[in-house]
Amino acid sequence: MSRVIGALLVAGMLCADCFLSGSCDSFINLPGLLFVFNCTLGGLIFAFGCALPCKALYAVFFSPPSPVSTQELERYQIVFKAGSGFSLAGGWLFFLQGLYAVLSNTGLTSDALPCALGIPMVPLLYGVLLSQFVFRPLRYVIFSRYGEKDEA
């Protein structure tokens with residue numbers, strides 16, 4: 001129940017920020033979201049193959065608490081920790097790519113520059129949200145479900 005409350009608080013905070021800023025359009029960047037998601041997914045598949053990340057997610061969402069070896073739990077923790085890093089890296093990569101695109105556009109006036117700089121920052125927000133509010137909690141969920149302590 002506490003996980004549901006935590007998820008609702010995070011979603012409520014994002015919705016409140018969206019509505020208080022006046023427009024939700026500034027928080028939606030579909031190419032950036034796809035870029036961050038694909039960097040995360042691609043990094044996990046490149047690092048671990050398809051089987052281990054799928055098994056880790058299955059253990060969190062679908063599998064009832066059952067005996068799992070400590071070695072397997074540590075492997076799941078490594079997957080979620082890597083997913084956290086890949087999502088942050090994807091956000092930063094898109095930010096740097098967007099920053100380069102904005103700064104290479106010599107037609108921007110000084111009034112349009114702050115608005116243009118805000119566009120590549122949104123995927124950076126996606127990377128941080130995915131890292132801190134998806135992968136980090138998943139690490140704790142897997143260890144609390146199977147009765148192990150998380151060392152990091």
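Close-up 1. Phe 62 counts as exposed, at 60% relative accessibility. Cut-offs with a 1.4 Å probe, protein chains only: buried is under 20% relative accessible area, exposed over 50%, partly exposed in between. Tyr 58 is partly exposed, at 47%. The model is predicted: local features need pLDDT of at least 70, side-chain atom pairs pLDDT 80 or more, while totals for chains, interfaces and linings use all residues. Residues are numbered from 1 along each chain as its sequence is written, and side-chain values use heavy atoms, without hydrogens and water.

**Close-up 2. Aromatic pairs.** The structure holds three. Rings of Phe, Tyr and Trp (its six-membered ring) pair with centres within 6.5 Å; planes under 30 degrees apart are stacked, over 60 edge-to-face, the rest tilted. Phe 35 and Phe 94 lie 5.4 Å apart by ring centres, with planes at 55°, so they are tilted. Phe 35 belongs to helix α2 (residues 30-48) and Phe 94 to helix α4 (residues 70-104), 59 residues apart. Helices are DSSP runs (H or I, at least four residues), numbered from the N terminus. Phe 94 is buried at 14%; Phe 35 is partly exposed at 27%. Tyr 58 and Phe 62 are also tilted, with centres 5.6 Å apart and planes at 40°.

**Close-up 3. Surroundings of Phe 80.** Leaving out residues up to four places away in sequence, Phe 80 touches Ala 56, Leu 57, Val 60, Phe 135, Leu 138, Arg 139 and Ile 142. Contact means heavy atoms within 4.5 Å.

Terms used:
Helix = DSSP H or I, 4+ residues; strand = E, 2+ residues; numbered from the N terminus.
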